[in-house]
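Here is a walk through one protein model. Keep the structure open and follow the elements in turn.

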Amino acid sequence: MDTHVVSAPPVSASTTSLIQKAGCVDAAELQSTLGTPNAGLTSQEAAQRLTRDGANWVPTHRASAAHVLWGQVKSPLLMLLAVAAILSMATGDVGDATIILVILAASVSLGFWNEYKAQRTADSLQDRITHTTVVVRDGVQKEIEVSHVVRGDIVRVSLGHVVPADLRLIQATNLSCDESAITGESQAASKDTAAVSGQPGLGDLPCCALMGTVVQSGSGTGIAVATGADAVFGRIAASLNQAPPVTSFQKGLARFSQFLMWVAIVLAVFIFAANTIQHRPILTGLMFALAIAVGITPQLLPAVVNTSLAAGARLLSKQHVLVKRLVCIEDLGNVDVLVTDKTGTLTNGRLTYVEAVPAKGFTESDVALLGLLSCETDFAAAGANNVGQDPLDQALAEATLGHSDLSNHARLDLRPFDHDSRTNAVLIQSDKDGRQEVIKGGPESVLALCSGVDPTDSATVDRLFDQGARVVAMAVRTSAGVTKLPTTDVAGFTLAGYLNFTDEPKQDAKASIDRLNALNVAVKVATGDNQRVAEKVCRDLGLDPGDTLSGDAVDALSDSDLYEAVQRTSLLARISPDQKARVIRVLRQHHSVAFLGDGVNDAPALHAADVGISVHSAVDVAKDAADIVLLDKDLGAIAEAVVDGRRVFSNTIKYVQMGTSSNFGNMFSAALASLFLPFLPMTPSQILLNNLLYDSSQLAIPTDTVDDEQLRKPSHWDIGSIRRFMLIFGPISSLFDFFTFALMLWLLRAPVPEFQAGWFVESLATQTLIVFAIRTRRVPFWKSRPGRLLRATVLAVVAVGVVLPYSPLAPLIGFRPLPATFLLALVGVVLVYLVVIEVAKLAYYRFGPPPLPVLVPAPTAPSARLSSEERRHRHARRSASRFRAK
């Protein structure tokens, strides 16, 4: 898989983008040029522009039939065998060569169809993830699909939004954007509305917000100048239109495939040399050697893996879990620590406004009014609505807006909420109280700026916290003559009171946590809420928080001490976004970590985790950073996803063990037998037919059941263990093959076609039926029953193999009917073989690898080793998914 990083094309003066030109033009002039009235485009005009200019899409990686087909046929061994068959056909051996080519085509088609279908499943699931933005149309704010944004649209962006198009700003309030995906600069770029001059570079456009960048602070409004492929981000996304980076799971598959490929090449060279020494026809010897090599290589491994992943993804989608990349399912199966926020996970995630609790000198209506005036939306302005609001502001507005008179108030300035100060502020003018600065935020932050707080009012917030309430503090101060808010909070406020919200605990949260713990996944809650509130919720759910760790404590500890402290707690409270990300990085040095979050402050931790999980209702930046999206924020769904990931890995290992045991043993037997037999034990076409039937039986492995003990802990690739498995079980298979050779040669004195038919049936039976033994560490059928489809396909393939020598196809393949004595002997051979395999299996797991996979420290994820440019492209690739064509 091609995973090299492609640098974005530099934007030179000769390729000046539309947004660079727009940045040099006055906003009012540009608005007139684009035909955009102050009330925004009409719905009819927007529809016409969408038809004319096309949807707001950028090139992204999607399933390609040609790409999947090339992956199936690019094997050098497969190509060499096809060439040898064509040469054989040219020299007169038309029958056998034609059979070889037909079987190769059938094998390639089988792998192609299953893998392509799996990739199409992944695409269809990702298409279900919707992305919206807020625009002004027909004079009102509307929430629309990102793909429906057109040139000339007036677009509103705020904290946590991913900018949906290249925007020329016409209004900005403390707006800054993270443009690292475009410019590579790590510092957020401050924004205003003043036009620039000259020939600005992409990093010199303070009056523009670029598509794909993330709003780090403040809010703004802009006119869409370029959308889709015409935007700067569209060009970058086109240069990144390649397969996503390889995961550790995929690297393990590649290492295993390479291992068997080298075994196959060495064996093929040895067989070809030996057959040449025996003066057999060169083309016949070459095709036989290559057929053996093809039989050993795990040709259908990608199809088996992707089919297994796709089946898991479809199952998870029914449980409202959408997987953005199929391989993330297996990564999630490796997780042994889940860090999650509290809201919507331990609680219902539906904030309800309860009451306003006034401080001394204020009334309930005073506090509620100040709360409404300090919302990010200016509800005192004409036409304001509740679209796109913060959940706390939404809950407050829904409960109080209809009962509050804002007509005598005007907003003069706004400083949006930021996670460092945990406050936001507004400057308002009212007929009654004159000019005031109102601050709203976390009680600890607001109270620190207030003077003369009555002890009773201080105790009130403690009482509310002990009740588990979400509390927002309100404070005011007179600001006569002030026209603009200070950039940072200053003291001198008077406490007005508190806004009390509730978010009830989920009744099933405790069961979900118990389920995760039973899967050896430790759950850690990381929240920005007050420590007592979080502890109250945990206790109500029967979850022991342990030694709660605060954000201040996180800063005071070294990495090693922090890891030890996190081990002793299940709760981290009043923790900042950077602190969350640091905790994730520290945990990843020893564990495989998933993080569940849906807020702006969760994006750094989502990027830092091995598996990022968000929800469909999350802010843009969180949903883009996630690998898995939940339609419902439910820990129980994550537990099922973990199980599914482990089931995928377990079933993949079954196929691997099949390929390294009986299948490898049979091919090895054929190689040795060709050295001392005066004829080939099986012709190349018979070997390939055997391999095709064998592979067909294994395509049902993704549907197989998995024993509970194999799901309790994550597993990891261990090539050494696979090699030991091959060296133990492969020779056992060969011993029974040699017994079959002796039976056919010395007891039954079978002619060549009968010998080849007999060994074809015996080898097919042993290498397919062994799956019932190695699929479980228990006694098969009695203690562990295989899946119905697997039972049916394996038995059907064995039946086909037994019937072939008696069918009309037998002469074409080169078979003769087998005597009844051989079939009776075959039953005995297979039964004894399976018993021996069962005994060897018990010994292998008792004296070899431990009975359960041992959790080893997870290796540092690829993202931790990326260069700054690679990290920029990784984030750009994730952001591009929101603009993908459907």
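**From a hairpin to the cores**

Leucine 414 stands opposite valine 426 in β12. The model showing this pair is predicted. The strands concerned are β11 (residues 409–418) and β12 (residues 423–430), paired in the antiparallel sense over seven bridges. Four residues lie between the strands of this hairpin. There, arginine 422 takes a positive phi near 60 degrees.

Turn now to an open sheet of eight strands. Its order is β8-β21-β20-β19-β9-β16-β18-β17, and the pairing is mixed. At the edges stand β8 (321–323) and β17 (549–550). Each has a single partner strand, so one side of each is left without a neighbour in the sheet. Strands of a sheet pair through backbone hydrogen bonds, either parallel or antiparallel. Within this sheet, β16 (residues 522–526) and β18 (residues 571–573) run parallel, joined by two bridges. Valine 525 stands opposite leucine 571 in β18.

A helix covers part of these strands. Helix α21 (residues 577–588) lies across β9 (337–340), β16, β18 and β19 (593–596). Relative to β19, helix α21 runs at about 160 degrees.

Next, the nonpolar interior. In soluble globular proteins, nonpolar side chains tend to be buried together. Here the largest nonpolar core has 81 residues. Ile292, Ile296 and Phe760 have the most contacts inside this core. Helix α27 (residues 719–747) gives the most to it, with ten residues. What does isoleucine 292 touch, not counting residues up to four places away in sequence? Its contacts are Leu267, Ile271, Met667, Ala670 and Ile687. Apart from this core lies another, of 69 residues, including Cys538, Leu587, Val593 and Ala639.

How values were computed: Residues are numbered from 1 along each chain as its sequence is written. This is a predicted model: local features need pLDDT of at least 70, side-chain atom pairs count only at pLDDT 80 or more; totals for chains, interfaces and linings use all residues. Side-chain values use heavy atoms; hydrogens and water are left out. Two strands pair if DSSP finds at least two bridges between them. Contact means heavy atoms within 4.5 Å. Axes are lines fitted to C-alpha atoms, for helices over the stretch in contact, and angles run from 0 to 180 degrees between N-to-C directions. A nonpolar core is a set of buried Ala, Val, Leu, Ile, Met, Phe, Trp, Tyr and Cys residues joined through side-chain atoms within 4.5 Å. Buried means under 20% relative accessible area, exposed over 50%, partly exposed in between (1.4 Å probe, protein chains only).
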